[in-house]
Amino acid sequence: MAQLSLVKGLLLGGLIGASLSMLDKRTRKASVYNMKRLTTSITDFDTMSSSITETSEKVKQTAEKVSNDVAFILDKVEELKEVTPTIASIVKETKEAFTTEGTQEEYKPQGLTSSTQYLPQYTH
């Protein structure tokens with residue numbers, strides 16, 4: 001029985017508080033405006049459902065694009081795994097071709113004394 005009195009008291013207090021707050025003109029206008037917006041939003045199911053459908057379609061398209069991009073990148077990584085040993089052997093062969101026989105000295109073209117000869121000379 002005490003629980004029933006508590007519920008009645010809470011409901012009665014809420015009604016009294018709400019009616020007292022409606023004495024303010026700005027509060028009444030804001031409440032009416034918000035109730036109109038709420039009823040419009042609730043009853044406009046077509047707009048809400050089409051908005052949800054459009055959003056879900058965009059998410060689906062984005063997910064498909066990301067999936068395709070990831071698949072493309074994985075294919076390229078696999079290609080690189082296959083090509084890398086071949087490139088490494090070509091670079092090694094090229095290096096060996098430009099070193100003198102029997103020594104590890106690098107090949108230097110005739111007539112060039114230093115690669116710094118092309119830098120501008122500055123005087124103070």
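A salt bridge, for today, is a side-chain nitrogen of Lys or Arg within 4 Å of a carboxyl oxygen of Asp or Glu. Okay, keep that in mind, and look at the model above.

It's a predicted model, where local features need pLDDT of at least 70 and side-chain atom pairs count only at pLDDT 80 or more, while totals for chains use all residues. Residues are numbered from 1 along each chain as its sequence is written, and side-chain values use heavy atoms, with hydrogens and water left out.

So, the layout. The protein chain has 3 helices and 0 strands; helices (H or I, at least four residues) and strands (E, at least two) are DSSP runs, numbered from the N terminus.

Now find α3, residues 45–97. This helix has 53 residues and reaches 76 Å from its first C-alpha to its last.

Where are the salt bridges? There are 2 in the structure. In one, E79 pairs with K76, their closest N and O atoms being 3.7 Å apart. Why can they meet? Because they sit 3 residues apart in α3, about one helical turn. An α-helix has 3.6 residues a turn, so residues three or four places apart point the same way.

K81 and E78 make a salt bridge too, with closest N and O atoms 3.7 Å apart. Is K81 buried or exposed? K81 is exposed at 54% relative accessibility, while E78, at 43%, is partly exposed. Buried means under 20% relative accessible area, exposed over 50%, and partly exposed in between, using a 1.4 Å probe and protein chains only.

Terms used: The expected span of a helix is 1.5 Å times one less than its number of residues.
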